[in-house]
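Dear colleague,

Please find the structure below. My notes on it follow.

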Amino acid sequence: MPLKQVVSSSRVTMTHRELVVIEVETDEGETGVGWCTTAGVGAAAVHALITGYLAPMLVGLDPRNTERIWQRLWMECHAAGPAGITTLAISAIDIALWDLKAKSAGEPLHRLLGGARESVEVYASAINLHLSLDELVEQVRAQAGEGYTSFKIKIGRPGLYEDLQRCLAVRRVIGDNGLLMLDANQKWSVGEATQRIRILLEAAPLFIEEPLLSDDIEGHAKLRDVTGMPIAMGEQLCNRFEFWNYVSRRAADYLQPDVWKVGGITEFLKIAALGAAAGIPISPHGALELSVHLAAALPNAMHVENIFGLNLFDFAATSTPMIISNGRYVPGSAPGHGVTFDRAALEEHELPLGEAIERQPLYAFS
Ligand SMILES: [Mg+2]
């Protein structure tokens, strides 16, 4: 799906959102819908993995046995990779099975999963490093005007003090009580991050997300110890073991699992339990439409992220917007996850098996 605007972080420039949507049908005529998305690489592989390997394995299984099915799919894929394309594919299937399970129980997903709270806080987020300082301030001011009180912005501009200027300008808009979160998208080395974070502390952020490559667990642990800046981590991590590596090394202060990347709801619940045992809050990454259910269900989830331009409605995959007022969302009571895709919009951009979108490279090499 083409984005309405081309957007940039410190690492990538995005023109499209890839979306793999699946339906699981039962012999009783019920249908569950699941999906995963990527920034622009991988969906064709996920499509092929599901169509060629995973979907045929599901035929004849009892869809209520989500643990049994998850284990089977994950072990079948394990030699090909226990994380990544495989867990993206498993996520789409698992989400569809939980949709089915909630529908057959006659319950909305958030209540089936635990029902910890009646409404969830939503924070305003955007891929906005390409914006000028004035445009950034204007964007945050508009978000605050919609009632949001928590905000995440991208950092990682070349200039050391440029990032600080942007953070302080946003701080002035949101006030002392506004919550500011920063996302560096894995831009720096430990040394550079140490220097930059010491300067950025002045803007009093709640956390910095992905200051280093997500693969560098020791680096994050060191950075956290040396700077005192809380670190959020998780959008690249793809299963409970990858999260456990961060939890056990005390390398993160907030865990950000993405439900359509970690293997779906079945695995997300286990990651949330890791956080609960370690006293680390869950800040679900993206996936607004499903994260609201998970955050409403789980006591240690703190808020969910609305990435402006990247929720399903914003890139026209659904035709009904979610009603977020004063930075809060009240999940509905319709059975399942309640997401209905705009089939005509999806079909307009649908690609045949094996074909990838044509787009500019994600990474700009200098
Ligand atoms: Mg991020």
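At what angle do helix α6 and helix α7 pack, and how far apart are their axes? Before the answer, two remarks on the source: this is a predicted model, in which local features need pLDDT of at least 70 and side-chain atom pairs count only at pLDDT 80 or more, while totals for chains, interfaces and linings use all residues. Residues are numbered from 1 along each chain as its sequence is written, and side-chain values use heavy atoms, with hydrogens and water left out.

Helix α6 (residues 160–174) packs against helix α7 (residues 190–200) at about 30°, with the axes 9 Å apart. Helices here are DSSP runs of H or I with at least four residues, and strands are runs of E with at least two, numbered from the N terminus. Axes are lines fitted to C-alpha atoms over the stretch in contact, and angles run from 0 to 180 degrees between N-to-C directions. Contact means heavy atoms within 4.5 Å. From α6, Leu160, Tyr161, Asp163, Leu164 and Cys167 meet Gln195, Arg196, Ile199 and Leu200 of α7.

A magnesium ion is coordinated by Asp183 (OD), Glu209 (OE) and Glu235 (OE) at 1.8 to 2.1 Å; donors are N, O and S atoms within 2.8 Å of the metal (3.2 Å for Na, K and Ca), and water is not among the atoms, so sites may look incomplete. Asp183 lies in strand β7 (residues 179–183) and Glu235 in the loop between β9 (231–233) and α9 (240–248), so the pair ties together parts 52 residues apart in sequence.

With kind regards
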